Amino acid sequence: MSEHSSSSLTSYVGIWALLIVGTILTVVAAHIDMGPFNAAVALTIASVKALLVALFFMHIKGAHERLLKLVVISTVFFLIILLALSMADYGTRYWS
Amino acid sequence: MSTALAQPVERENYLNKHYGVGSWLFTTDHKRIALLYLISITFFFFIGGFFALLIRLELLTPAGDLVQADTYNKLFTMHGMVMVFFFLIPSIPAVLGNFLVPMMIGAKDLAFPRINLLSWYLYVIGGVMMLHCMLTGGVDTGWTFYAPFSTEYTNTKIVEAGLAIFVAGFSSILTGLNFIVTIHRMRAPGMTWSRLPLFIWAHYATSIIQILGTPVIAITIVLVAAERTLHLGIFDPKLGGDPLLFQHLFWFYSHPAVYIMILPSMGVVSEVIACFARKRIFGYSFVAISSIAIAVFGFLVWAHHMFVAGISVYAALIFSLLSYSVAVPSAVKVFNWTATLYKGSIHYDAPMLYAFGFLGLFTIGGLTGLFLAALGINVHVTDTYFVVAHFHYIMVGGALMGYLGGMHFWWPKISGRLYPEGWARLAALIVFVGFNLTFFPQFVLGYLGMPRRYYDYSHMPEFQVLNVLSTAGATILGIGYLLPMIYFLWSMRYGKPAPDNPWNAAGLEWQTQSPPTTFNFDQEPVVTWEAYNYDEIDAGHREEVHVVG
Amino acid sequence: MPGTGRRSTLSDSQTVVDTSVHAHGHNPALLHHFSDEQQQRDSASLGMWIFLATEVMFFGGLFCAYLIYRLWYFGDFAAASQSLNWKLGGTNTIVLICSSLTVVFAVYAAQHGKRTMLLASLVLTLIFGFAFLGIKAVEYAEKFEKHHVPGASFSFIATVPGHPDLMANPRHAEIYFALYFIMTGLHALHMIIGIGIFVWLLWIAWKGRLTPQYNTPMEIGGLYWHFVDIVWIYLFPLLYLIDLHK
């Protein structure tokens with residue numbers, strides 16, 4: 001585990017601030033009518049926040065191996081498979 | 001090469017280092033944990049087998065005259081649940097994997113030995129819960145416990161059985177986690193990915209499935225338990241729920257689960273064929289990558305269990321196409337094993353007989369899987385004995401044969417004793433004959449229309465002949481399974497002491513003592529050779545690591 | 001050597017060398033089956049990440065169920081969602097984000113041997129954790145009072161947001177609440193476990209067992225906590241913020 005300098009403490013606070021802003025943005029955006037895009041916007045902001053936590057708080061960004069990134073990406077991939085292929089059924093059930 | 005024969009004084013090894021129940025129940029030695037699992041899963045194999053016996057006895061006659069309908073439902077349910085969750089899924093990984101993975105990569109133990117022990121305890125706890133459930137009434141939904149029958153209409157012990165499987169599932173997850181971390185972090189110097197035995201690649205792929213799939217059935221069980229106890233409406237159509245959601249979530253795990261059951265067996269077959277053909281596995285990297293491909297593609301095909309359940313026809317088309325693709329890596333492996341045999345120097349020892357059995361029976365099972373993946377055929381044979389035959393060819397003809405072959409191959413290493421070869425070959429033959437007699441008639445039965453899970457077929461009495469053949473085969477198969485249990489136990493006392501490498505096999509595990517010491521190697525090995533270097537070995541140019549003596 | 005599991009300075013042409021050097025006076029926390037501390041640390045880290053992968057799939061099944069029913073019963077889900085208090089939910093999101101900050105501070109402190117900072121950060125994390133659970137308890141109590149808990153006494157009367165003349169279907173709303181309680185309940189259970197882990201971390205930190213040479217429990221405990229935070233980051237908008245503009 002590589003050492004972190006005290007400048008990293010400042011960057012942690014910076015990430016924290018971004019997360020707070022993101023939360024506020026999410027709530028504000030939820031009050032604006034964007035039609036079908038409300039959910040997409042909310043999930044996008046949530047994903048950015050999750051990515052910030054994972055990359056900076058969970059230290060994926062500084063990891064010297066690609067293995068951890070592979071674990072995360074594979075997991076997300078299979079979760080998306082579960083959601084997407086289920087939707088292949090649910091989304092098309094009433095077509096015919 | 002060390003070929004130390006019978007020593008007048010038994011060398012210190014993992015079996016005799018410490019005595020006493022406590023030294024076994026609190027062990028962190030992966031080899032002892034493997035034996036703990038061996039005893040537990042064999043126990044459950046007997047239970048599952050007992051249920052199978054009753055099923056086949058009932059089906060000897062068309063009338064439902066041995067047991068009542070509800071009892072029969074419980075019999076096939078418990079047979080399935082016990083065999084799938086408490087025998088097949090743990091079998092090779094928990095016994096052979098636990099024993100061999102560290103040794104094959106040159107490590108002293110798995111990455112997390114205490115978690116390994118925890119895995120076994122979770123398995124036992126889940127097993128005890130399942131036993132209690134069975135003894136107090138059991139479950140009658142089929143091992144697939146579909147909603148809404150399981151969530152609402154049945155009055156059998158769904159929640160208890162579900163929780164038992166939930167706990168056993170965690171055992172499976174922790175085993176997979178342990179293997180992945182071990183294989184990544186604890187390989188000896190020089191043991192690159194491309195020098196790993198294919199057994200390791202197979203267990204790595206299996207572990208990926210265990211990690212990613214098992215949690216989904218865990219949450220499904222939670223939802224079923226919640227729905228059942230709190231009368232929610234998640235799967236209940238009367239309350240706006242969708243019963244097919246249960247099936248999607250259930251099969252998202254349970255299809256990859258069948259690859260958990262077959263991949264380790266394929267790993268065993270690679271080791272056995274290489275050794276008894278005295279050749280490198282043809283297309284090593286293809287076989288390795290195919291293991292990973294099977295794990296990945298296996299997650300993409302689950303709804304082929306739902307073609308007639310009411311999913312959209314467009315989804316059915318997609319899943320049918322994906323199901324064809326998952327057969328490709330399996331076929332690649334079969335071709336590569338066959339090519340390995342070509343111009344090999346074949347020895348017909350018992351492990352090899354099981355490997356041959358695997359090749360033929362897995363191929364049949366796999367091909368019939370393709371038949372089932374075709375929508376038109378699927379509509380005709382779903383929920384018939386055709387499906388039953390298909391999955392028994394893979395799970396018994398494939399996975400179980402691989403397990404038995406592996407147990408024979410590594411028995412000298414595990415126990416320090418040789419099993420009686422004559423009896424072993426006889427048993428392998430009996431298993432092969434018994435197996436085919438049991439399950440081939442079921443393909444015909446299914447195609448002719450006999451439904452599965454029926455205790456009474458008196459409206460189709462013409463099916464009796466095939467059923468009688470099947471039951472006769474099951475009896476022979478049972479004898480074939482009993483024989484190894486008897487002679488393995490016999491060999492622990494009366495068998496000839498085994499040399500360290502009786503098969504002159506490649507692999508780091510064979511360069512340890514038989515049985516190994518607690519920490520496997522007295523010095524960390526450094527690997528400089530490719531896997532399956534039988535040409536070097538048979539020419540006498542083998543590079544060796546220091547053997548504990 | 002890339003591709004090997006362990007760092008080795010040996011080339012392929014060398015054969016057997018004794019590499020099992022056991023440094024005398026090595027860290028007492030080094031477990032016997034590992035060759036060195038780096039291997040042990042890397043193993044623990046990878047092990048926790050893989051465990052988190054299983055947790056993602058565990059929650060993933062619930063997200064799948066939620067996704068499907070939200071698409072099927074969007075109006076009813078919106079109505080049910082608006083009976084939740086998004087301000088409390090939003091506060092809880094901020095609470096968890098702050099707790100993640102104190103966790104990274106704790107990890108930093110452990111790595112740099114700053115005892116006071118470590119203990120303070122751990123205590124603050126626990127305070128935030130309890131605050132989260134406290135707010136959740138308030139929310140659950142409110143749901144209980146309004147009979148929004150699925151079961152025999154469930155009752156839900158509201159209009160679909162944006163359609164004041166259309167009543168929400170209570171059976172579909174009940175599915176929403178079932179998923180709400182299961183998802184947030186499972187999350188809260190993970191929070192409780194996380195608090196337990198951090199109480200233990202506070203204990204061993206107090207005992208001085210977290211040092212710059214060995215702070216693996218802090219690191220992997222932190223990973224677990226951040227994961228629980230990430231789950232909530234998704235739960236909040238999905239459960240609390242449906243169609244708020246209507």
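From the N terminus on, the elements of chain A follow the order α-α-α. The radius of gyration of chain A is 18 Å, well over the 12 Å that the globule rule gives for 96 residues, so chain A is more spread out than a compact globule. Please keep in mind that this is a predicted model.

In total, the secondary structure of chain A comes to three helices and zero strands. Its C-alpha trace spans about 60 × 35 × 10 Å along the principal axes. Of the 96 residues in chain A, 30% are buried.

Let us turn to the domains. The assignment for chain A gives domain 1 (1-64) and domain 2 (65-96). On the side of domain 1 of chain A that touches domain 2 of chain A, three residues are nonpolar, one is polar and none is charged. The contact itself joins four residues of domain 1 of chain A to four residues of domain 2 of chain A, and the C-alpha centres of these two domains lie 22 Å apart.

Helix 3 of chain A deserves a look of its own. This helix covers residues 67-90, 24 residues in total. From first C-alpha to last, helix 3 of chain A reaches 34 Å, close to the 34 Å expected at 1.5 Å a residue. Its buried residues are A:Thr75, A:Phe78, A:Leu79, A:Leu82, A:Leu85, A:Ser86, A:Asp89 and A:Tyr90. And what covers them? The cover includes helix 8 (198-230), helix 9 (243-277) and helix 11 (313-341) of chain B, together with helix 1 (37-72) of chain C.

Now for the contacts between chains. Chain A and chain B meet through 13 residues from chain A and 13 residues from chain B. On the chain A side of this contact, seven residues are nonpolar, four polar and two charged.

Chain B also touches chain C, with 44 residues of chain B in contact with 41 residues of chain C. Helix 7 (158-185), helix 8 and helix 9 of chain B each supply at least two residues to the side that touches chain C. Helix 8 of chain B gives the most to that side, with nine residues.

| Chain A, touching chain B | seven residues | four residues | two residues |

Notes:
Residues are numbered from 1 along each chain as its sequence is written. Chains are lettered from A and ligands numbered from 1 in the order in which they are written. This is a predicted model: local features need pLDDT of at least 70, side-chain atom pairs count only at pLDDT 80 or more; totals for chains, interfaces and linings use all residues. Two residues are in contact if their C-beta atoms, placed from the backbone, lie within 7 Å. Ala, Val, Leu, Ile, Met, Phe, Trp, Tyr, Cys and Pro count as nonpolar, Asp, Glu, Lys and Arg as charged, and the others, Gly among them, as polar. Helices (H or I, at least four residues) and strands (E, at least two) are DSSP runs, numbered from the N terminus. The expected span of a helix is 1.5 Å times one less than its number of residues. A residue is buried if 20 or more other C-beta atoms lie within 10 Å of its own, exposed if 12 or fewer, and partly exposed in between; C-beta atoms are placed from the backbone. The radius of gyration is taken over C-alpha atoms; the globule rule is 2.2 Å times the number of residues to the power 0.38. Domain bounds come from an automatic or database domain assignment.
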